[in-house]
Amino acid sequence: MNKILDFATTPLLREEWEKELVNLIHSKYAPKWNAKIGDRIGEDEYQFVKSFQNEFLQAKNDANYQTKESILSFIEVFRNQSEFFRSRLFGLNIRDEYESIPLTNRDDLQTNITAIIPKDLDLSKMVINPTSGTTGKPILAPNHPKSIGCYVPLIEYSVEKFGVKPIHSPKSTFAIQLCYQEKTIEYATCHSLAGGAKFAKINIHTNSWRKPSDLQNFLIESSPQILTGDPYAFESAMKMGIQYKPEAIQSTALELTPALRIKLSEYFQCPVINFYSLNETGPIAHSCPIHPEWMHILPHDLYVEVLSKDTGFPVPSGNMGEIVVTGGRNPYLPLLRYKTGDLGEIQFGPCLCGDHFPRLRLLSGRKSVYFQNTNGDTINPIDVGRILRKKPFIFQFQVEQTRKDEWECRLSLETEIIKDEFQWEIEKNILHKELKSLFGENSKVLVSTNFPLDGKKQLAYINSYQIQTEANK
């Protein structure tokens, strides 16, 4: 596959960037690339991100984070531009009645997205990033290259706090994202906001490599400054015996337990940075270098609340509540008191690390869940989701391993497929066959339509067999 970028995907591409990228892509140790991705950063986007970075660094220096008072101007702007904001704020004096503003949830983003998008925007650069999340019900979140580009200064700031100095050079590979899945996209690219430094996403599953030794050799040859990925991928890399020492590991997408953080830090001999980010919001927080169980709010343009799930009002410091965010820089998705579904507590005041933005501690985040097939091998739940999400009639799902060889797949289905019993029987048999193939020989899979639709954020993956097994030890 020809992986050379072009000016359509990378408008600011330079010859020396392309030369270094081609060397990486055509390495004899390279994985089986299957995608081509550019940053889509043109001159306007470049200047936007640089302006954002300057404002962000100044805000960090001045400890000038968003408060309920400061976020009001953001809300007023979109009150006049977004039909969703206008309807939610109708009749409210937001300065005096802020807590009366209705909360936004995932269902609003799924059903009211056209009302949320501000009017009269140029939609030609819209990028759609489906969320994976933990609910099994993806959100087709619209985004813009300039707001995606803002990830770069935010990520760089977070690693610099741990002593990593990003190298802005096409000869440098800044980050490689590790995945462990049966199938996923794999690509290499360079980034205009990092001086052409290279980025890549690779799958460490054996399916993606021509020889078992290629993975190890590719990491050594490309020499990324940091490795990114979820805890599942890093635990898999550790169990596979991968020997590479990055300057730092950045863990995201799932809850990183303290035990695994310590184990990874000892194994890879580098700091492990917990990174809290949602597709809908972008980066929210990163772990404190001194108190790693706490995560400093990262961007200066997000207002973060922690609300009681019973009253909907802010909880005092030291109490648990739901994390709710307002603001952001995504022109297509301004957020108005958006419920993340994650629980935590918030703490204010100076920190010894020098970052004086408020701190979050996630108390019940997106916990990682693993399955085991009938042979005892680990299955990444993402591979289960890949099978289910390709079916357009499945709105939500929950998969639970109930025994060593038994699974229940609970589905919320489109009305039309439920009415057509004959067609549903055909589709159910196809699903049953695909899932049994993944779970292993002699596996038993119950496909049902009793998904718990009670309005709560449901876990997409449960391994009750593993929980019971550990409880009996």
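This is a predicted model: local features need pLDDT of at least 70, side-chain atom pairs count only at pLDDT 80 or more; totals for chains, interfaces and linings use all residues.
Residues are numbered from 1 along each chain as its sequence is written, and side-chain values use heavy atoms, leaving out hydrogens and water.

**The sheet**
- Four strands form an open sheet in the order E19-E18-E17-E20, with mixed pairing (strands are DSSP E runs of at least two residues, numbered from the N terminus; a pair needs at least two DSSP bridges).
- E19 (444–448) and E20 (461–463) sit at the edges with a single partner strand each, so one side of each has no neighbour in the sheet.
- From one strand to the next, the twist averages 15 degrees (axes are lines fitted to C-alpha atoms, for helices over the stretch in contact, with angles from 0 to 180 degrees between N-to-C directions).
- E18 (residues 406–413) pairs with E19 in the parallel sense over five bridges, and cysteine 409 has valine 447 in E19 as its bridge partner.

**Helices on the sheet**
- Helix H12 (residues 381–389) packs on the sheet, touching E17 (394–403), E18 and E20, and its direction makes about 140 degrees with that of E17 (helices are DSSP H or I runs of at least four residues; contact means heavy atoms within 4.5 Å).
- Helix H15 (residues 464–471) also packs there, touching E17 and E20, with its direction at about 30 degrees to that of E17.
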